[in-house]
Amino acid sequence: MAAKARAEALLRLRKVSRSYGKRLALHPLDLELRAGRCTALFGHNGSGKSTLLRIASGRDVPTGGQALFAGRVMSEDDPEVRARVAVVGDTVACYPDLTVREHLELVTVAHAVDDAAGWIDQVLADRRLSDHARALPGALSSGQLQSLLLAAALVRPRDLMVLDEPEQRLDPDARVRLAELLTAEKEGGVAVLLATHQAELAEAVADHMIALEDGRVIAEGTPAAVLRQLGIRA
Ligand SMILES: Nc1ncnc2c1ncn2[C@@H]1O[C@H](COP(=O)(O)OP(=O)(O)OP(=O)(O)O)[C@@H](O)[C@H]1O
């Protein structure tokens, strides 16, 4: 990747805010995210993490400020946004009559991935899903479903990965592999934005951390500095 492309912010949120009716769920906030960098959002339930992630992935429009992706106003209607932004949501949405492998095939067809079969095999193996490739979603554990969500983001092209509490439902071993995966994504030049409740995950992968409370930024900086400020680390 050209040095210039790395230097420019892929995602730029300028004074972005979100109200629901009269209630301001997200106060004006600035955020820039570059290729190969990770920002982690941290905060209690209802602090505004998912609201911010929806805006940062183009799935919602801010009621104030502007969200730009590659210099353009972000919208999920923009084919470039859909082609370059992979989202791992916090709810599991599956087709009950498609197998694990068929879900991944569907994603690769939608994103016109060439020679997808080998790549799907690799992602299934990495996410410990090979033995469940022919299983229907109803036969998977909650952790395996979460792994399928991750796998669906990994079989498609992406420059920005947005993840909402991806550690949910994963066992400790899978959480370690999640941290390794996100580190590898960064090394591959992907910009990563994640909401997490797990301080260890943020420490392992994030370059920058934003702590939210009631929709406001209460701390921002390196994970070490933010976690110290929050009293979570000495
Ligand atoms: N569609 C909506 N309509 C009204 N209020 C909403 C809506 N979506 C979110 N909110 C409110 O916005 C605030 C922030 O919610 P958000 O889902 O962003 O929190 P969160 O930090 O992701 O929480 P969690 O850790 O529980 O996922 C909450 O008070 C929530 O009730």
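The following questions and answers concern a predicted model.

User: How are residues numbered, and what pLDDT is needed for local features in this predicted model?
Analyst: Residues are numbered from 1 along each chain as its sequence is written. In this predicted model, totals for chains, interfaces and linings use all residues, side-chain atom pairs count only at pLDDT 80 or more, and local features need pLDDT of at least 70.

User: Which residues of helix α5 are buried, and over what arc do they lie?
Analyst: Helices are DSSP runs of H or I with at least four residues, numbered from the N terminus. A residue is buried if 20 or more other C-beta atoms lie within 10 Å of its own, exposed if 12 or fewer, and partly exposed in between, with C-beta atoms placed from the backbone. In α5 (residues 116–126) the buried residues are I120, V123 and L124. They lie on the same side of α5 because the directions from the helix axis to their C-beta atoms cover an arc of only 100°.

User: Which exposed residues does the opposite face of α5 carry?
Analyst: What covers the buried residues of α5 includes α4 (100–110) and α6 (142–154). The face turned away from that buried side carries the exposed residues G118 and A125.

User: Which helix provides the largest share of the shell around the ligand?
Analyst: Residues with a C-beta atom, placed from the backbone, within 6 Å of the ligand count as near; they are Y20, A25, G43, N45, G46, S47, G48, K49, S50 and T51. The largest share of this shell, three residues, comes from residues 49–56, helix α2.

User: Is I232 buried, exposed or partly exposed?
Analyst: I232 sits in the segment after α9 (223–229). Leaving out residues up to four places away in sequence, I232 touches A199 and L227, where contact means C-beta atoms, placed from the backbone, within 7 Å. Because I232 has 14 C-beta neighbours inside 10 Å, it counts as partly exposed.

User: How far apart are the C-alpha atoms of I232 and Y20?
Analyst: Along the chain, I232 and Y20 are 212 residues apart. Their C-alpha atoms are separated by 31 Å.

Note on methods
Helices (H or I, at least four residues) and strands (E, at least two) are DSSP runs, numbered from the N terminus. Two residues are in contact if their C-beta atoms, placed from the backbone, lie within 7 Å.
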